Every structure is written in structure tokens, then in C-alpha cells.
Amino acid sequence: MSKHIEKLKKQLMEISEVVNAFKSEAVQVRVIDHLLDAMAETEKNDVEGAEIFIKKGRKLRADDDPSFGRKKPGATKVLNQLLSTDYFNSRHSISAIADYCKEHFDSDFKTSELSGILLKLAKENKLRRERSNDNNRFEYVKA
């Protein structure tokens, strides 16, 4: 990262005389913006096929991971998909729903991620929220 910063500093020093020749700060900012955009575009084209940096700073090649760039569906989307099936024809606890999502959707949701969405679906009368007589926990079934 410091190599890039040093390179950028050097390039900015080289163009500073030209930029400072403009009297208007607004014009100077626009000139620098255009130059930085052009530099970024050039570097992007130079780096094609090279390593891609992801958020955690790890390097990963796009062809190393077949699911690269594809996001898993979120909890809301998965629960809405379950609503369109007959899954909620019978009662299920939050932990049972989380387990089902893990098995069938490859989505490892925590029960805390699902509880708010399930409550919202219950308030929208898409699901009913009922207490279980066995363990006094909530279970969800189609309304």
C-alpha cells in the first residue's frame, strides 16, 4: 500500500506546477480529479488478470473461487422463499428454521438474524407466532 502512496505522491509533485498554474481552486480540483480518474483507469487496465484485493486485505484470484462475486441471499429473501413453499404449513421454531436454511439454502443464519424478520412477517399477517406448549418458545406457521 505504501508503494502506491509513494508513487502517487511522486506523480502529484510532477503535475503540481501545471495544476497550480490555474488561479481557480475549483479548476485545480477538477483537473486533479480528471487526472486521478485517468490514472486509476490506466492502473485498472494494467492490473487485469492480476490479484484482486478484498475487504480483509487478503489477496484472492477471481478464478480461485467459483462463487467469487456471487452473494448468498439474505435472511429476508430466504424467508420469503420459504413462505412461497409449504414449509410453514407446519409449526417451526427459530432454531429449526435456521437449521433448515443451513441445509437447503447453504445460509448459516443466527437465530437473532431471523427473529426480527419472522416477527415482521407475523405482524404483516403472513405468519402466525404461537408459543409452544412443550418448551414455551415461539413457533411460526402460515397465517
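Colleague: In what order do the elements of the protein chain run from the N terminus on?

Modeller: The order is α-α-β-β-α-β-α-α-β-β, and the protein chain has 5 helices and 5 strands. Please bear in mind that this is a predicted model.

Colleague: What share of the residues counts as buried?

Modeller: Of the 143 residues in the protein chain, 20% count as buried. The accessible surface of the chain amounts to about 11200 Å², and 52% of that surface belongs to carbon and sulfur atoms.

Colleague: Why are Lys102 and Asp108 said to meet in a salt bridge?

Modeller: A salt bridge requires a side-chain nitrogen of Lys or Arg within 4 Å of a carboxyl oxygen of Asp or Glu. For Lys102 and Asp108 the distance from N to O is 3.9 Å, so the pair meets the criterion.

Colleague: What makes Glu124 and Lys126 a salt bridge?

Modeller: The closest N and O atoms of Glu124 and Lys126 are 3.5 Å apart. The limit is 4 Å, so the term applies. Glu124, at 37% relative accessible area, is partly exposed, and Lys126, at 42%, is partly exposed as well.

Colleague: How many salt bridges are counted by this rule?

Modeller: The count comes to 6 salt bridges. One of them joins the side chains of Glu130 and Arg128, with 2.8 Å from N to O. Arg128 has a relative accessible area of 41%, and so it counts as partly exposed. Salt bridges also link Arg91, Arg128, Glu130 and Glu139 in a network.

Colleague: Let us turn to the sheet. In what order do its strands stand?

Modeller: The order in this open sheet of 3 strands is E3-E5-E4, and the pairing is antiparallel.

Colleague: Why are E3 and E4 said to stand at the edges?

Modeller: Strand E3 (92-93) and strand E4 (127-131) each have a single partner strand, so one side of each is left without a neighbour in the sheet.

Colleague: How do you know that E3 and E5 pair?

Modeller: Two strands pair if at least two bridges are found between them. His92 has Tyr140 in E5 as its bridge partner, while Ser93 has Glu139 in E5.

Colleague: Through what do the strands of a sheet pair in general?

Modeller: Such strands pair through backbone hydrogen bonds, either parallel or antiparallel.

Colleague: What makes Leu8, Leu12 and Leu36 members of a nonpolar surface patch?

Modeller: Members of a patch need over 30% relative accessible area and no salt bridge, and nonpolar side chains are joined within 5 Å. Leu36 has 32%, so it passes the cut-off for area, and at that value Leu36 is described as partly exposed. Leu36 is found in helix H2 (residues 25-46). The patch made by Leu8, Leu12 and Leu36 has an area of about 200 Å².

Colleague: How far is Ser16 from Ile32 in sequence and in space?

Modeller: Ser16 and Ile32 are 16 residues apart in sequence, and their C-alpha atoms are 9.2 Å apart in space.

How values were computed. Residues numbered from 1 in each chain as written. Predicted model: local features only at pLDDT ≥ 70, side-chain atom pairs only at ≥ 80, totals over all residues. Heavy atoms only, no water. Buried < 20%, exposed > 50% of the residue type's maximum accessible area, 1.4 Å probe, protein only. Helix = DSSP H or I, 4+ residues; strand = E, 2+ residues; numbered from the N terminus. Patch = residues over 30% accessible without salt bridge, like charges linked within 9 Å, V, L, I, M, F, W, Y side chains within 5 Å. Areas by Shrake-Rupley, 256 points an atom, 1.4 Å probe, with all protein chains shown as cover.
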